[in-house]
Amino acid sequence: MGLELYLDLLSQPCRAVYIFAKKNRIPFELRAVDLLKGEQVSKHFSKLNSLQKIPTLKDDDFVLTESTAILIYLSQKYHTDDHWYPAELQARARVHEYLGWHADFIRGTFGVMLWTKVLAPLIGTQVPEEKVCRNRTAIDEALDKLNARFLGNKPFLTGQQVTLADLMALEEMMQPFALGLDLYEGRPQLASWHKRVETFLGAELCEEAHRSIMSILEWNASKTIPTPAPEAHPNMLKRLSRIP
């Protein structure tokens with residue numbers, strides 16, 4: 001079957017994998033997994049990935065989960081340009097340094113607005129206002145650290161060229177951005193970084209990958225988002241319970 005990527009482009013890590021594969025002209029079969037329909041917890045998908053998470057990569061008989069692992073695998077198998085995942089030890093270490101921090105301070109923070117504004121109401125629940133306020137504070141603190149510690153005066157997060165770090169960060173920024181939060185107010189360096197990354201990736205590819213998330217408020221207002229399947233509710237409630 002060759003390379004198959006199981007994705008839903010509402011998901012930040014899924015978009016990062018999709019953009020990386022497309023930008024690098026890596027041939028793959030897209031296997032859509034609709035998170036809102038609970039397809040990731042179906043018996044069919046669970047046989048492929050018992051963790052019931054996407055993105056998932058299947059390369060013949062080899063199955064791989066976790067977006068960072070998938071991106072590194074693709075970069076190495078397909079010998080993508082060195083700037084993505086540098087061979088030089090210290091440059092590569094900087095990418096890993098960011099990705100480690102990203103997992104702790106960005107990944108679980110920037111997607112919360114989608115849950116509070118859209119997904120929680122779909123299953124008849126609400127996130128307490130104090131949690132919403134704490135999340136906004138956490139976003140601001142993370143942005144300040146991203147700007148001061150990682151971007152600084154560089155064009156990109158780890159140096160002079162785009163890496164996996166920039167791609168992962170960009171896609172997390174898109175969640176609150178699509179929900180109307182001006183992340184870059186008073187942060188011109190981050191705003192310029194965002195534009196540089198999108199320019200490098202290309203407007204057409206970014207529009208394609210971001211179409212779903214950028215339509216989410218419109219879909220929500222028009223009530224065209226499908227009600228999540230009952231089998232998806234337990235995982236959704238578990239995720240909501242983890243919002244600090």
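Here is a short tour of some charged side chains in this predicted model.

Start by selecting Arg 187. You'll find it in the loop between α7 (164-178) and α8 (188-201). Arg 187 is buried, with a relative accessible area of 11%. Now show what surrounds it: leaving aside residues up to four places away in sequence, Arg 187 touches Asp 140, Leu 143 and Asp 144. Draw a line from its side chain to that of Asp 144 and you have a polar contact of 3.1 Å.

Next, pick Arg 15 and Glu 171, whose side chains form a salt bridge at 2.6 Å, N to O. Arg 15 sits in helix α1 (residues 12-23) and Glu 171 in helix α7, 156 residues apart. Both Arg 15 and Glu 171 are buried.

Move on to Arg 149 and Glu 97, another salt bridge, with the closest N and O atoms 2.6 Å apart. Arg 149 is in helix α6 (residues 129-151) and Glu 97 in helix α4 (residues 89-105), so this pair ties together parts 52 residues apart in sequence. Arg 149 is partly exposed at 44% relative accessible area, and Glu 97 is partly exposed at 30%.

Last stop: Glu 172 and Arg 107, which meet in a salt bridge of 3.0 Å, N to O. Is Glu 172 buried or exposed? At 2% relative accessibility, Glu 172 is buried, while Arg 107, at 33%, is partly exposed.

Note on methods:
Residues numbered from 1 in each chain as written. Predicted model: local features only at pLDDT ≥ 70, side-chain atom pairs only at ≥ 80, totals over all residues. Heavy atoms only, no water. Helix = DSSP H or I, 4+ residues; strand = E, 2+ residues; numbered from the N terminus. Buried < 20%, exposed > 50% of the residue type's maximum accessible area, 1.4 Å probe, protein only. Polar contact = N/O pair within 3.5 Å; in protein donor to acceptor, adjacent residues only side chain to side chain. Contact = heavy atoms within 4.5 Å. Salt bridge = Lys/Arg side-chain N within 4 Å of Asp/Glu carboxyl O.
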